[in-house]
Amino acid sequence: MLKSTLGRAAAAGTLALAALGGTVALAGPASAVGSSACTSSYVSNGGQLVPSVNTLTRAGALNLRTGPGTGYSSRGSLYQAGFYATCSARNYSWVYGKVLSGAHRGQWGWVARQYTGLA
């Protein structure tokens, strides 16, 4: 009851602000960006830039994310899964690719490079 009352009050305040000429910016969760967020078509591996590479995830539970950063939602956790990295973002610290093994096999997403076998 309290939650719905607060929701109605917030909506009324937003409408009142808009009616007075104010602007209202509503921010939702970061949406999926896929490979469009790649800033490099290369992946850093051992100090060399390669166009793509197979690797394994090393963390106990590594998030497969919808974009390059922790602000993006998780598609699920990878547990020592095979991963085919195809491009990178954020100064090569995030890699985009396809999960090759495990529960999320076949899904595409972003992982933090530091938690993979990439050096």
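Here is a short chat about a predicted model of a protein chain.

User: New to this one. How many helices and strands does the protein chain have?
Analyst: There is one helix, along with eight strands. Going along the sequence, the pattern reads α-β-β-β-β-β-β-β-β. Keep in mind that the model is predicted.

User: And what share of the residues is buried?
Analyst: Of the 119 residues in the protein chain, 34% count as buried. The accessible surface comes to about 7,200 Å², and 56% of that belongs to carbon and sulfur atoms.

User: Let's switch to C38. Where is it?
Analyst: C38 is in the loop between α1 (2-19) and β1 (43-45).

User: Which residues is C38 in contact with, leaving aside neighbours within four places in sequence?
Analyst: Those are C87, S88, A89, Y96 and W110.

User: You mentioned Y96 and W110. How many aromatic pairs turn up in the whole structure?
Analyst: A search finds two aromatic pairs. Y96 and W110 form a tilted one, at 5.2 Å centre to centre and 50 degrees between the planes. This pair links distant parts of the chain, with Y96 in strand β7 (residues 94-99) and W110 in strand β8 (residues 108-112).

User: Which residues do the ring pairs link into a cluster?
Analyst: Y96, W108 and W110.

User: Are Y96 and W110 buried or exposed?
Analyst: Y96 is buried at 11% relative accessible area, and W110 is buried too, at 0%.

Terms used
Residues are numbered from 1 along each chain as its sequence is written. This is a predicted model: local features need pLDDT of at least 70, side-chain atom pairs count only at pLDDT 80 or more; totals for chains, interfaces and linings use all residues. Side-chain values use heavy atoms; hydrogens and water are left out. Helices (H or I, at least four residues) and strands (E, at least two) are DSSP runs, numbered from the N terminus. Contact means heavy atoms within 4.5 Å. Buried means under 20% relative accessible area, exposed over 50%, partly exposed in between (1.4 Å probe, protein chains only). Accessible areas come from the Shrake-Rupley method with a 1.4 Å probe; for residues, only the protein chains shown count as cover. Rings of Phe, Tyr and Trp (its six-membered ring) pair if their centres lie within 6.5 Å; planes under 30 degrees apart count as stacked, over 60 as edge-to-face and the rest as tilted.
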